[in-house]
Amino acid sequence: MRKRHYHLCGNYKESYEEELAIFETDFGRTWLLIGMFVLLVVIPLTGSEYTLYILNTIGIYAIAAIGLNLLIGFTGQISMGHGAFFGVGAYAAAVMTTRMGLPLLVALPMAGVFTAVVGMLFGIPSLRLKHLYLTIATLAGQFIIEYILVQWEGVTGGAEGIMVSNASIFGIELDSDRAFYFLIFISLIVLTWVMVNLIRTRFGRALVAIRDNDRAAEGMGIPIFKYKLLAFGISSFYAGFAGALFAFYMMTITPEPFNMWLSIEFIAMIIIGGLGSVSGAIFGTIFIVSLSEVLSMITEFLMNYGPAASVSITIAPLREFIFGLSIVLFIIFEPKGLAEIWRIVRSNFRLWPFSY
Amino acid sequence: MSFFLHLLVNGLSLGFLYALSALGFVMIYKSSSVLNFAHGELMAAGAFLFLVLTTWAELPIALAFILTLAGCFLLGFVIERLFLRPLIGEDLIQVIMLTVGMAAMFKGLLLFIFGGDIHQYPSFLPEALNLHLGIIQIPSVYVATFIIGILFLVMFGFFFKYSSQGIYMRSVADNQPAAMSLGVHVRRVFALSWAIAAMVAAMSGIVLGIINGINVHELSSIGLKVFPVVILGGLDSIGGAILAGVIIGLLETFTGGYISTSLREIIPYVVLVVILMVKPYGLFGLKEIERV
């Protein structure tokens, strides 16, 4: 039996292998197994349809947020078009299943690949543009894609949208939140696993080098344009895959939800969660989705509550206010996000009673 | 021919409006390198303040105008103090998202107070400003806008050229550490640039309100239109912003008039991407020389 690893009170790493290890201790591995068990067995058996609906939404957005985190958090290329890429994936999946009759398991990755190609197309300006100029170029991409989704009626159905019906895997109809729960969370786990390992490779380190100083990275022999394009491609693949899941889950898609606000929400997720951290992207998604769900529950409650019903319509814009406020407060008071808070809490336990 | 002239006049005045709203934006970027996503909401805030002062408080127009500008000057000051000051030295993305959050806050607040309807100012512009040039007619609003705009541009030109604060602002824009070591109060310059930018935004908000009616959604979407304008002109060039404003304005009206109205909204962005591929720092933007 090999030696068990426990938490140490300092940094005693002696090799790069130890530095790169995903699990510093055996506790992490155990907790992950327990977490997987809860996620895939306990929750789907006990959760209500409503809980599962919220979790499914979180799962879908988390996939896209993890992808965006690769682009913004690791490569340092700020993209404001992620919401549109999400939409491209949704439409690609819808067109593939309804027009071409492809099965779900083929359409999902194909939609991701298609979106990756589109994302690389809109990543081409990153060859010459940097910082704010690139940000605005991707914002332009967002508006151009939105326009295409609305205007190209022959394929996208215009403002009417597309109905997606036949969601089934090997003859099993995915007709409940519970069935989708397994599809979404298995995808999330696999894609998270891929991402966590991707950023530990030569490729991931090259991206971080580009983020920190792209000229220096180029000097060290990293072909920066190729790597930037690949980062755009992979992050768009995640967005497209999530979008395809969204299309199958929602059954009907219209261009409406894939607006600039969605792109902003994705960025808010990874900023609140913590840039450059895969778990942070998931934390951030949980925070944003729960926040908007709680806010809409409050509005709904007030709408049905007699005396407040008349003012409830005027209260609705306050949702946006609270949303903005939470982003602002997070950025001012904890710019490193929830992942940093989680790290501090953990190290407090580890270093107890001498924590500071 | 008359259709062409009509479009030309409309495009020029629209472009001038864009240039005017881009002005405050460039000012913030020049001194503090902040990309302000809340610009449209600042314009809306100014427009609604003017609305309250004219219709609810029933002040005379000139007094209301001056009070609005003063109020927004203060607002810009407070915004810088509360939100931007803690972020000096943080990453670009944090600052961008902060202004996005601010935009959501202002929009929510304004919608909460005034609702999503279109409000109107009482008409106060003299009929004499209604120009007839041969076959084309220029509405008084555009003429007034043009006069006010030129007035402000000249005033800012003198401010930056001759006043000590203006020179400080230019020095900070040029080289922040050098300015700091020469004793320029950099934080005060940031605050002042936000205050002035909010003031200019209020002015363009009022003008847009006179033309289209005052509506929160409308004004905040025009705030987004500022992006193609400033990027096309080069983020840190005021002259470039004016020229790019006119280019985008003309492009929009001519596309809307001759090709299709739905393409009108998107054409600035398409042109933007194409031009950026050729000139990555816009038409007149300062090329950044990077050293490793």
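What share of the 292 residues in chain B is buried? The share is 48%, where buried means that 20 or more other C-beta atoms, placed from the backbone, lie within 10 Å of a residue's own, exposed means 12 or fewer, and partly exposed covers the values in between. This is a predicted model, in which local features need pLDDT of at least 70 and side-chain atom pairs count only at pLDDT 80 or more, while totals for chains, interfaces and linings use all residues. Residues are numbered from 1 along each chain as its sequence is written, and chains are lettered from A and ligands numbered from 1 in the order in which they are written. Here is a friendly tour, by topic.

**Chain A overall**

- Chain A has 16 helices and 4 strands; these are DSSP runs numbered from the N terminus, with helices (H or I) of at least four residues and strands (E) of at least two.
- Chain A is as compact as a globular protein of its length, because its radius of gyration of 21 Å is close to the 21 Å from the globule rule for 356 residues. The radius is taken over C-alpha atoms, and the rule is 2.2 Å times the number of residues to the power 0.38.
- The C-alpha trace of chain A spans about 60 × 55 × 45 Å along its principal axes.
- Buried residues account for 42% of the 356 in chain A.
- Of the contacts in chain A between residues at least 6 apart in sequence, 76% join residues at least 24 apart. A contact means that the C-beta atoms of two residues, placed from the backbone, lie within 7 Å.

**Chain B overall**

- Chain B contains 12 helices and 2 strands, and from the N terminus its elements run α-α-α-α-β-β-α-α-α-α-α-α-α-α.
- A compact globule of 292 residues would have a radius of gyration near 19 Å, and the 19 Å of chain B agrees.
- Along the principal axes, the C-alpha atoms of chain B fill a box of roughly 60 × 50 × 40 Å.
- For contacts in chain B between residues at least 6 apart in sequence, 75% join residues at least 24 apart.
- Ile66(B) sits in helix H3 (residues 61–84) of chain B, and it counts as partly exposed because it has 13 C-beta neighbours inside 10 Å.
- Between Ile66(B) and Phe50(B) there are 9.4 Å from C-alpha to C-alpha, with the two residues 16 apart in sequence.

**Where the chains meet**

- Chain A gives 39 residues to the contact and chain B gives 36 residues.
- On the side of chain A that touches chain B, the elements giving two or more residues are H6, helix H10 (214–219), helix H12 (260–273) and helix H15 (317–333).
- That side of chain A has 28 nonpolar, 7 polar and 4 charged residues. Here Ala, Val, Leu, Ile, Met, Phe, Trp, Tyr, Cys and Pro count as nonpolar, Asp, Glu, Lys and Arg as charged, and the others, Gly among them, as polar.

**Helix H4 against H6 in chain A**

- The axes of helix H4 (residues 82–98) and helix H6 (residues 131–151) of chain A come within 8 Å and cross at roughly 30 degrees. Axes are lines fitted to C-alpha atoms, for helices over the stretch in contact, and angles run from 0 to 180 degrees between N-to-C directions.
- H4(A) and H6(A) are therefore roughly parallel to each other; angles under 35 degrees count as roughly parallel, over 145 as roughly antiparallel, 65 to 115 as roughly perpendicular and the rest as oblique.
- On the H4(A) side the contact includes Gly83(A) and Tyr91(A), and on the H6(A) side it includes Gly141(A) and Leu149(A).
- By class, this contact of H4(A) with H6(A) has 5 nonpolar, 4 polar and 1 charged residues.

**Helix H3 against H13 in chain A**

- Helix H3 (residues 49–74) and helix H13 (residues 278–304) of chain A have axes that come within 8 Å and cross at roughly 135 degrees, and H3(A) and H13(A) are therefore oblique to each other.
- Among the residues that meet are Ile54(A) and Ala62(A) in H3(A), and Val278(A) and Val289(A) in H13(A).
- The contact of H3(A) with H13(A) has 11 nonpolar, 4 polar and 1 charged residues.
- Phe283(A) is placed in helix H13 of chain A, and it is buried, with 22 other C-beta atoms within 10 Å.
- Phe283(A) and Ala62(A) are 221 residues apart in sequence and 8.6 Å apart in space, C-alpha to C-alpha.
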